[in-house]
Amino acid sequence: MRAALLEEYGRIPEIGQQQLPEAGPGQVEVEVEVAGLNPVDIAIASGKFDAGAPDLPYTPGLEGIGKTPDGRRVWFDVPVLPVGSFSERCLIDPARAIELSDGVEPADAIAFGVAGMAAWLALEWRGELKPGETVLVLGAGGSVGQIAVQAAKLLGAGRVVAATRSDRGRRRALELGADAAVDTGAESTAELAGRLREACEGGADLVIDGLWGQPAEAALAAIAFGGRLVQVGNSAGKQAELTAGPLRGGLVSILGHRNVYAPIEVQTEAFSLMCAHAAEGRLDVEVQVLPLDRIGEAWQLQQRSPGRKLALAP
């Protein structure tokens, strides 16, 4: 079958022929309709991902939407390697699959998988957002950030502040309901912390951090007493310089998050709620679906932080 193949770490996958292994116990074959492309796919393909690197060659792709042999349309993640979702078919664990509701198009629903749950679960399950709290979204220009801005409002936040370097991202965040938007480009951490504190009207109760690096340092310097920062990505840097005293003195919590650690019932509820909100016009995400043959173009777009969800259609 046709699939994207990675022959060498750090390279762009190329279309080739891949053999799908026979399904083993607890596995089922799924026909892929649309596969989500995420920053984590590129990180894994670099061979330097913190959770390890797959053996070469392999087909990337951590998530997709497809049809099972019994005709159900499901969202799935963590397909069985060496064949990821950037292929015509792959093997999945049916116990982890989430069935799509009627009336939800795969090209729309794919945004609520890896990206959507990184936002929703970070707010609700990991960050334990309380009604009326102030939420700061670092990296609000990307698909996770855009969903987080809207999800925070849907989950009862009192004030939502979007932070991103992108002019387009800040305008988009305001259109999606953010109360304020901050440019994360600053000469010093103190300068950015001042901007964030002012925009949050005294400090954020909950920070959704897709950036790390200097923006996270600034957010922690501007966080409210008892505030929580949920770490979901590090597009601004893998390291941040933190001062111990203010963390203790401010009773600050830093919480790591990966979707896979949430119970499947929690993931299912979040995914279904996001699809329902989207169907009712309360949740809006831009998705660009490219043919699988254009994997190279999609890969390069993702590396440039496109400001929309990218997906591939076999």
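Reader: What makes helix α7 (residues 213-221) count as mostly covered?

Author: In this predicted model, 7 of the 9 residues of α7 are buried, where buried means under 20% relative accessible area, exposed over 50% and partly exposed in between, with a 1.4 Å probe and protein chains only. Local features need pLDDT of at least 70, side-chain atom pairs count only at pLDDT 80 or more, and totals for chains, interfaces and linings use all residues. Residues are numbered from 1 along each chain as its sequence is written, and side-chain values use heavy atoms, leaving out hydrogens and water.

Reader: Which residues of α7 are buried?

Author: They are Gly 213, Pro 215, Ala 216, Glu 217, Ala 218, Ala 219 and Leu 220.

Reader: What do the buried residues of α7 pack against?

Author: Their partners, judged by contact (heavy atoms within 4.5 Å), include the helices α6 (189-199) and α8 (244-249). Strands are there too, among them β8 (134-138) and β12 (228-231). Helices (H or I, at least four residues) and strands (E, at least two) are DSSP runs, numbered from the N terminus.

Reader: How many helices and strands does the protein have, and why is it called as compact as a globular protein of that length?

Author: There are 10 helices and 15 strands. The radius of gyration, taken over C-alpha atoms, is 19 Å, close to the 20 Å that the globule rule gives for 314 residues, so the protein is as compact as a globular protein of that length. That rule is 2.2 Å times the number of residues to the power 0.38.

Reader: And what share of the whole protein is buried?

Author: Of its 314 residues, 51% count as buried.
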